[in-house]
Amino acid sequence: MTTEETEPIPGTAGTGRPGRRTWIGADHPHYKWVALTNTTLGILLATINSSIVLISLPGIFSGIRLDPLEPANVSYLLWMLMGYMLVTAVLVVALGRLGDMLGRVRIYNAGFLIFTVTSVVLSLDPFHGGGGALWLIGWRIVQAVGGSMLMANSAAILTDAFPARQRGMALGVNMVAGIAGSFFGLVLGGALVTWNWRSVFWVNVPIGLIGTVWAYKSLHETGVRRPGRMDWWGNITFALGLTALLAGITYGIQPYGGHVMGWTNPWVLAGLVGGAGMLALFCVVESRVAEPMFPLHLFRNAAFAGGNAATLLGAVARGGLQFMLIIWLQGIWLPLHGYDYADTPLWAGIYMLPLTIGFLLAGPVSGVLSDRFGARLFAAAGFLVMAVSFAGLLVLPGDFSYWVFAALILLNGLGGGLFAAPNTSVIMSSVPADARGAASGMRATFQNAGMVLSMGVFFSLMVAGLSGTLPHTLASGLTAQGVPDAAAQNVAALPPVGVLFAAFLGYNPIQHLLGPVILDHLTPGATAHLTGREFFPHLITQPFHDGLVIVFSLAIAMSLAAAACSLIRGRTPGALPDPAPASGEPALRRP
């Protein structure tokens, strides 16, 4: 049996199979930087991919010839948005546990390969309409399996490779790259989709090939591998419960039975209640099995529990922010300032760059300083800064001054960067070395589940805010331009979620909704005004702002709660310092 099939031998950990040519051995002083650069590339690729599709949806819908205003197509849009994150939320814990058992590097490398191959398949979508949408959704789900492998094990690989005194810095670089990747994807997707919608998938291929080959050649197993068996009942109950719950939230956004949303839909209620019940059953299963996928005993450490609670609350607070800002820019602000609808994806990504810059400035600095002065205060301060930025966005008018907007989203990015690395460091440093894969997966699960939950909550609150004033605003605005009252009332009866997604996709629906028969009976000036750049954005500005007040008020409350959770301390340290190579792994000090 080779050294790679057993626990690493001190001094030779991860040197590879006999005769295998490697670049830098695991015991080389520079190996930790190899691990950092490769895992950062992997996380960057996975997170860029999530937002590059988000900003490119107008071009993708046009490319596969899918009408975004057809009620049946709302489901396709939601699953393109949320399917990837839902799958990662379900799988990251199981894949982190699998990394503890089979080797974190092995699972991570397989994730790189799956991600790259599915990028090629996605770009080859041969269908149009619903078939084309289902092809993209299905292969995005497969791609999410690869992304989950990367996310579940990258933090554990870094925790294994770096000593405690540098761990915050390493995790800071990795985490900020991941968060910033979601914003880089906005600019990259906006630029590529104007050329060819398939290019948003092509861009992953060369990066993925380089990263895959590099990972297989340079990364080594340096952590403690713990043989064991998969907790199948735990995995099944967790997957069913979380999928049902998040799917219920997804479909709850859609209209049902004459209501603006679907929360009275029996299937939605069944998903929510059944999902919650299945998750309760999952907790019972995990408390009884010998080798659980979700080690509940880790939550006895208050630092671990508080860190994960802060992760969940923070994900809910900021998860829907991208969507709200994109709607604000693409559907309202950019058209009001003369930008053509076809160009709004690119410019929305560019105008959101201060958010990315804030993350990039604060993240690494926060990681280094938290190693010296402690992580909790930096994590809590990050959320306080984010709460202030949400308060500023709340009072900003719909047609704002860009430099005020830029300063506020820069502040939000700084807050997110301050929080990311210290929070991850607290979580990962509070568990024993042989549970780091599971802990990394649990942290990613809370983050991804919070993001999906945030989108559901934010969209629901926004739709609730729109439904109060939008119908009257639409009807009065259309009749003022000479549209017959009956036709105006029909447009005003459009579910607010349809208007919301039209704005999200940078799409003026007035021409489509009124049709040529009505438009031909209006004066040329009225027709040009109704179908131009400014009428629809002006019309929805105030209703949209009413919804924003509700959304950002919730974000402020969540940010303050996350700051409080970040200050929680464990009763005792979660684990002893990293083991010395010659002495093996020390025992865990239980809180």
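This report describes the fold, the core, the salt bridges and selected residues of one predicted protein model.

## Basis of the model

The structure is a predicted model, in which local features need pLDDT of at least 70 and side-chain atom pairs count only at pLDDT 80 or more, while totals for chains, interfaces and linings use all residues. Residues are numbered from 1 along each chain as its sequence is written, and side-chain values use heavy atoms, with hydrogens and water left out.

## Overall fold

The secondary structure of the chain consists of 21 helices and 0 strands. Helices (H or I, at least four residues) and strands (E, at least two) are DSSP runs, numbered from the N terminus. Of the 591 residues, 58% count as buried. Here, buried means under 20% relative accessible area, exposed means over 50%, and partly exposed lies in between (1.4 Å probe, protein chains only).

The accessible surface of the chain comes to about 22,000 Å², and 68% of this belongs to carbon and sulfur atoms. Such areas come from the Shrake-Rupley method with a 1.4 Å probe; for residues, only the protein chains shown count as cover. Among contacts between residues at least 6 apart in sequence, 83% join residues at least 24 apart; a contact means heavy atoms within 4.5 Å.

## The nonpolar core

The largest nonpolar core has 162 residues, and those with the most contacts inside it are Trp 328, Phe 405, Phe 459 and Phe 504. Helix H2 (residues 74-102) gives the most to this core, with 16 residues. A nonpolar core is a set of buried Ala, Val, Leu, Ile, Met, Phe, Trp, Tyr and Cys residues joined through side-chain atoms within 4.5 Å.

Which residues does Phe 504 touch, not counting residues up to four places away in sequence? The residues touched by Phe 504 are Leu 54, Leu 57, Leu 77, Leu 81, Phe 323, Ile 326, Ile 327 and Gln 330.

## Helix H14 and its cover

Helix H14 (residues 376-395) has 20 residues and reaches 30 Å from its first C-alpha to its last, close to the 28 Å expected at 1.5 Å a residue. The expected span is 1.5 Å times one less than the number of residues in the helix. Among the buried residues of H14 are Phe 378, Phe 383, Met 386, Ser 389, Phe 390 and Leu 393. The cover over the buried residues of H14 includes helix H10 (302-319), helix H11 (321-336), helix H13 (353-373), helix H15 (402-429) and helix H21 (535-566).

Ala 407 is found in H15 and is partly exposed, with a relative accessible area of 44%. Ala 407 and Ser 389 are 18 residues apart in sequence and 8.8 Å apart in space, C-alpha to C-alpha. Thr 424 is also found in H15, but Thr 424 is buried, with a relative accessible area of 0%. Leaving out residues up to four places away in sequence, Thr 424 touches Leu 171, Met 175 and Arg 443.

## Salt bridges

A search of the whole structure finds 2 salt bridges, each defined as a side-chain nitrogen of Lys or Arg within 4 Å of a carboxyl oxygen of Asp or Glu. Arg 104 forms one with Asp 160, the closest N and O atoms being 2.4 Å apart. Arg 104 lies in helix H3 (residues 104-123) and Asp 160 in helix H4 (residues 129-161), so the pair ties together parts that are 56 residues apart in sequence. Arg 104 is buried at 3% relative accessibility, and Asp 160 is buried at 19%.

The side chains of Arg 533 and Asp 340 also meet in a salt bridge (3.8 Å, N to O). Arg 533 lies in the loop between helix H20 (524-531) and H21, and Asp 340 in the loop between H11 and helix H12 (344-351), so this pair ties together parts that are 193 residues apart in sequence. Arg 533 is partly exposed at 38% relative accessibility, as is Asp 340 at 35%.

## Asn 153 in helix H4

Asn 153 lies in helix H4. Is Asn 153 buried or exposed? Asn 153 is buried, with a relative accessible area of 0%. Apart from neighbours within four places in sequence, Asn 153 is in contact with residues including Arg 104, Tyr 108 and Ser 440. Asn 153 and Tyr 108 are 45 residues apart in sequence and 6.0 Å apart in space, C-alpha to C-alpha.
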